[in-house]
Every structure is written in C-alpha cells, then in structure tokens.
Amino acid sequence: MEKSEIDSYKKAGAIAKQIKTFTKDLIKPKMKLLDIAEAIDSKILELGGEFAFPVNLSMNEIAAHYTPASGDETLAEGILKVDVGVAIDGFIADTALSIDLTENKEFKEMIELNQKLLENISKIIKVGMEVQNVGESCQKTLEEWDKEKFSIIKSLSGHSLAQNTIHAGLTISNYKNTNKKVLDEIAFAIEPFVTTGVGDIYEGEPGGIYILKNDGQTRDRDARKVLEFVREEYGTRPFCARWLAKEGFDKLKFVLKILVKQGILYEYPMLIEKSRKPVSQFENTFVLANGEVVCTTG
Ligand code: CO
C-alpha cells in the first residue's frame, strides 16, 4: 500500500474518532434524528473530512441503513446505532457505536458484550491472520458471556474497504467459518452486531440511503439535474436527500422516487432484526500494511 494511501486512511480515521466523541456528547434522549444527522454532517465537513456515506442512525430493532431526510420528525429513543463514514481522498474510515437512551439503561449488558466482542477481535488482528479468526473470536467471546441471552447477527459482516468503495468484495463473518484467506495489505471494517432476538435480519422499507446503480438516463428535467450532480459529486459513494437539499435541489421526494423506479438509483432497504428485538453495533476500521496493524478509528 502506498504511503499516501495509508496516511489518508489514518487522517479519515482521526476525524471519525473525533466524530464519535462529538456524537456521544451531542445525543440526548428525544433529540430529532434529523438534528443529530445534520450536526454530524457539519462536523465532518468542519474537520476537513469527506462523506463516505450518510450517517446511519438506526434505532432499536433496525440494525442498519436508516438516515433521516428533511422533515423527518423521528426522535431518538431506545438503543441508537450511529454508523459514520469519513473519507480523505476517497479512503474510508467506517466506525460505529451504540448509545443507550433508556432511563434505566436496559441495554447496558448488550452494549458491554458488543464492545467486548470488538475488543477481543482487535487483539487478534495481525498481518497474516485468516478471515476465519474473526468468527472464531466472536464465537469464543459469546460462549464466555451468556449464549442464552444474546446472539450475534450472522447475516451482518465486516468488509474490506477501497478508495470510494465501502464494500470492496471481502466479507468478514462474525460467526465460525472456514475462510482461510490471509489478510495483508488491506483495509477493512469489523462490525459485530448483538441482539436479544434470533440473530437474523430481513430487508424492510427503504431507509433514505441511495447509490448510483447504472449510467441510465432520465427524461424528467428535475431528475436529470439531480442525476448529473450525483454522478459528479458522489460517484460510487452512497448519498442521501439531506445533502441534495443543502445543494438547493427541491422536489427531492418525487425526483428520487422516479430515479429509483427507473432503476438508475438504488435505495437501500432498512435491515431489521427478524424477531424485531433490539440490536447493538460497534465497528472499527483496520489497515494492515507494511507489516503493521493500524486501527484508524479506535
Ligand atoms: Co461497515
């Protein structure tokens, strides 16, 4: 890996780390998700970062892929996952934390287990390790905890990262597997999700996060303008209506709907726990290069 690439990963990670601290101070129960998202957006830009993807603010049984748009009145409650992506020159730091917003801290143990899972994985990450070591570590941590009470969501995994690419092809499972692929000269995110439910997910309603799907054209004039901007500005990165509204685009609900319907854009469905039980998540980004391990976001 080029030195400049490693430096960019580190810079993005340093900003993402600051965003996590900022987020923990910022979020209070009953805050609007929209206000949280806008504050995080502004802070990323203020710190000199680029958006790698819209901040995911997923509550309770929603595991991932929700971001608020203008007019969203949803209030923060229960357990809130904040999954944030910062890039420098396209090199991504992907990191997440969970915040317990209940008065009697009912998610305390789930959060502790989830942090322990990520901490124990972090300890075994080294150049030359195999992908399956991550799953092994998860299994061991869960068995030492309380297997009856919690499960790890099997269908949500860590993933390799590349320039402007959040899922660069490699899946890093959080359960026992036999993937012997050796990790070196690679950047990746590790993200175990814990739940008191069955530990599986289904795809729900769209959650406000979009990505370009193909280079198709549209005849609608407003949609064409948005599409041009999206291609130029976001390329292969996911985006959201909030950012487009800031650029002065309007009729976004209508325009984005057309583009999704025409198959030019894809809108990610929310990922929801199958038994509709609460979910927690913690995530860090690691870079393995030149014989060294760097956790950029931890
Ligand atoms: Co991730």
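Two residues are in contact here when their heavy atoms lie within 4.5 Å. The structure is a predicted model.

## V82 in strand β3

By that rule, V82 has a list of partners beyond its neighbours within four places in sequence: T23, I27, I40, V55, N56, L57, T95, A96, L97 and I99. V82 sits in strand β3. Is V82 buried or exposed? Buried means under 20% relative accessible area. V82 has 3% relative accessibility, so it counts as buried. Its C-alpha atom is 6.2 Å from that of S98, a residue 16 places away along the chain.

Strand β1 covers residues 50-59, and F51 is part of it. F53 lies in strand β1 too. F51 counts as buried because its relative accessibility is 16%. F53 counts as buried because its relative accessibility is 9%.

Their partners can be listed in turn. Setting aside residues up to four places away in sequence, F51 touches D41, I44, L45, G85, R237 and W243. With neighbours within four places left out, F53 is in contact with D83, V84, G85, D94, I166, P238 and W243.

F53 and F239 are 186 residues apart along the chain, yet their C-alpha atoms are separated by 5.8 Å. F51 and D146 are 95 residues apart in sequence, and their C-alpha atoms are 37 Å apart.

## The cobalt site

D94, a contact of F53, is also a ligand of the cobalt ion. Which residues coordinate the cobalt ion? They are D94 through OD, H159 through NE2, E191 through OE and E283 through OE. The distances run from 2.1 to 2.4 Å. Along the sequence, the donor residues follow the spacing D-x64-H-x31-E-x91-E.

D94 belongs to strand β4 (residues 91-100) and H159 to strand β6 (residues 158-161), so this pair ties together parts that are 65 residues apart in sequence. Both D94 and H159 are buried.

What is the geometry of the site? It is irregular, with angles of 79 to 169° among the four donor atoms of the cobalt ion. For comparison, the ideal angle for four tetrahedral donors is 109.5 degrees.

## Helix pairs

| Helix pair | Axis distance | Angle |
|---|---|---|
| α1 (residues 3-26) and α2 (residues 33-46) | 11 Å | about 150° |
| α3 (residues 108-124) and α4 (residues 132-144) | within 9 Å | roughly 140° |
| α5 (residues 221-233) and α7 (residues 252-261) | within 9 Å | roughly 80° |

Start with α1 and α2. Their axes pack at about 150°. Angles over 145 degrees count as roughly antiparallel, and α1 and α2 are therefore roughly antiparallel to each other. α1 passes α2 in a right-handed crossing. On the α1 side, I19, F22, T23 and L26 take part; on the α2 side they meet I36, A39, I40, K43 and I44. Some of these names have come up already: T23 and I40 are among the contacts of V82, and I44 is one of those of F51.

Next come α3 and α4. Their axes cross at roughly 140°, which makes α3 oblique to α4. This crossing is right-handed. L113, K116, L117, N120, I121 and I124 of α3 meet N133, V134, S137, C138, T141 and L142 of α4.

D222, A223, V226 and L227 of α5 make the contact with L252, V255 and L259 of α7.

## Two residues with positive phi

Most residues other than glycine have a negative phi. K30 is not a glycine, yet its phi is positive, at about 70°. H65 is not a glycine either, and its phi is positive, at about 75°.

Where are they? K30 is in the loop between α1 and α2. H65 is in the loop between β2 (62-64) and β3 (79-88). K30 is exposed, with a relative accessible area of 59%. H65 is partly exposed, with a relative accessible area of 23%.

Definitions and conventions:
Residues are numbered from 1 along each chain as its sequence is written. This is a predicted model: local features need pLDDT of at least 70, side-chain atom pairs count only at pLDDT 80 or more; totals for chains, interfaces and linings use all residues. Side-chain values use heavy atoms; hydrogens and water are left out. Helices (H or I, at least four residues) and strands (E, at least two) are DSSP runs, numbered from the N terminus. Buried means under 20% relative accessible area, exposed over 50%, partly exposed in between (1.4 Å probe, protein chains only). Donors are N, O and S atoms within 2.8 Å of the metal (3.2 Å for Na, K and Ca); water is not among the atoms, so sites may look incomplete. Four donors count as tetrahedral if all angles lie between 85 and 135 degrees; four count as square planar and six as octahedral if opposite donors are over 155 degrees apart and all others between 65 and 115; anything else is irregular. Axes are lines fitted to C-alpha atoms, for helices over the stretch in contact, and angles run from 0 to 180 degrees between N-to-C directions. Angles under 35 degrees count as roughly parallel, over 145 as roughly antiparallel, 65 to 115 as roughly perpendicular and the rest as oblique. A crossing is left-handed if the near helix is turned anticlockwise from the far one by less than a right angle, and right-handed if clockwise.
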